[in-house]
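Take a walk through this fold with the sequence at hand.

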Amino acid sequence: MSISYFLKRWASPPKVDKDVKEKSVLSPEEWETFFSGHWAFPGARQNGHIAVFPEVLPQRLIKMFSFVGDTVLDPFMGSGTTGIAARRCGRNSVGYEINPAFKEYYVEKVELGISGTQDKIEYLRDIQTWSKEERISHLPYLFKDPHKMNNRVDVKTHTYGSVFEDKKLLNLETLKNQITEMPTVLINHANPDTFQKMISQGICYVRAGETKGSVLVRPGFERLEYLYLHTNGENGRLYKLKNKGSFQIWTKETLEAHGMSPKNASYYLVFPFDKDNPFFCNRTPDIKEGWNTLRVKIKSISDFEIKTS
């Protein structure tokens, strides 16, 4: 993950010439892509330098927030990805790097890439000595936190109103064991035809997500040991999963080859189960919850009472 910072000066922006604006105009396709709510592009190969990000990331930001001929500041230069992106966007760049060993990556990526052009690269070494406290004292605005963080608080001695921290109300060790060790059950609705096909094949398939017929990998998923199949809350059957807390990923075509009729997705999470040995239950959770009856759920096996004989 990369985090970008944008600093705005307390002054009116300089006037930009018309020809510079024209050279900096984004195409309609760039506008649609750059200003969308989500970006998706491949990562960069971590070859040598350990924190390389794809060039398209700074390239987009440079085009969005600067004009041709502007100077881009990179306070953490690293291997020089921002510098080469600035050059290809027609901008100048200044970079700071405290690790001199990283210069070889910059030379390989940027300097060798401009050979034969009129572009120039200048390396400077900052040998100034200065006092951090003195520099801070000259800043136009200083934030002073009135709350001193020098008193440590033992969170075990303060309940903050939580009954889970009150040992008189609840045994914490018992709660921990219940949460961390109790197996869980995947509860899934299937229409009558799919219900019979799943039992015949010994596989249950669901989409990944939060919509109806989908499941998210959430706490408790790693302890999945059972599957409860039902149709609109009726005709429920409990089975043992063949693999605890794991699943397979099948394509829609693979499921169709097994006689299934998947819809609305290209890939599915598949849970193989022991179809020949169902469990009979004296008690099951009430899963008739209106529209939510059709949603995939994960519940504790303690919500079920399995017949022992």
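Glycine 95 is partly exposed, with a relative accessible area of 33%. On this scale, buried means under 20% relative accessible area, exposed over 50%, and partly exposed in between, with a 1.4 Å probe and protein chains only. Glycine 95 belongs to strand β2, residues 92-95. Helices (H or I, at least four residues) and strands (E, at least two) are DSSP runs, numbered from the N terminus.

A word on the source. This is a predicted model, in which local features need pLDDT of at least 70, side-chain atom pairs count only at pLDDT 80 or more, and totals for chains, interfaces and linings use all residues. Residues are numbered from 1 along each chain as its sequence is written, and side-chain values use heavy atoms, with hydrogens and water left out.

Stay with glycine 95. Leaving aside neighbours within four places in sequence, glycine 95 is in contact with Asp74 and Met77. Contact means heavy atoms within 4.5 Å. Leucine 73 lies 22 residues from glycine 95 in sequence, yet their C-alpha atoms are 5.9 Å apart. Leucine 73 sits in strand β1, residues 71-74. At 54% relative accessibility, leucine 73 counts as exposed.

Leucine 73 also has a part in a surface feature. Together with Val94 and Tyr96, Leu73 forms a nonpolar patch of about 300 Å² of accessible area. Patches are made of residues with over 30% relative accessible area and no salt bridge; like charges are joined within 9 Å, nonpolar side chains (Val, Leu, Ile, Met, Phe, Trp, Tyr) within 5 Å. The areas come from the Shrake-Rupley method with a 1.4 Å probe, and for residues only the protein chains shown count as cover.

Another pairing across the sequence involves glutamate 22, in helix α1 (residues 18-24). Its relative accessibility is 51%, so glutamate 22 counts as exposed. Glutamate 22 and phenylalanine 67 are 45 residues apart along the chain, with 9.5 Å between their C-alpha atoms.

Now turn to the sheet. Four strands form an open, mixed sheet in the order β7-β6-β3-β11. β7 and β11 stand at the edges with a single partner strand each, so one side of each lacks a neighbour in the sheet. From one strand to the next, the twist averages 25 degrees. Strands count as paired if DSSP finds at least two bridges between them.

How many of the residues in β3 are buried? Six of the six are, across residues 184-189. Thr184, Leu186 and Asn188 are buried on one side of β3, and Val185, Ile187 and His189 on the other.

β3 pairs with β6 in the parallel sense over six bridges. Histidine 189 has histidine 230 as its bridge partner in β6. On β11, the pairing with β3 is antiparallel, with four bridges. There, threonine 184 is partnered by serine 300. β6 and β7 run antiparallel and are joined by five bridges. Tyrosine 228 has leucine 238 as its partner in β7.

Helix α8 (residues 192-201) lies across β3, β6 and β7, running at about 145 degrees to β6. For such angles, axes are lines fitted to C-alpha atoms, for helices over the stretch in contact, and values run from 0 to 180 degrees between N-to-C directions.

Last come the charged pairs. Side chains of opposite charge can pair when their charged atoms come close. A salt bridge here is a side-chain nitrogen of Lys or Arg within 4 Å of a carboxyl oxygen of Asp or Glu. The whole structure holds ten salt bridges.

One of them joins glutamate 30 and lysine 63, at 2.9 Å from N to O. This pair links distant parts of the chain: glutamate 30 is in helix α2 (residues 28-34) and lysine 63 in helix α3 (residues 56-65), 33 residues apart. Lysine 63 counts as partly exposed, at 25% relative accessibility.

Glutamate 234 and lysine 288 form another salt bridge, with 2.2 Å between the closest N and O atoms. Glutamate 234 is in strand β7, while lysine 288 is in the loop between β10 (281-283) and β11 (297-300), 54 residues apart. Both are partly exposed: glutamate 234 at 42%, lysine 288 at 48%.
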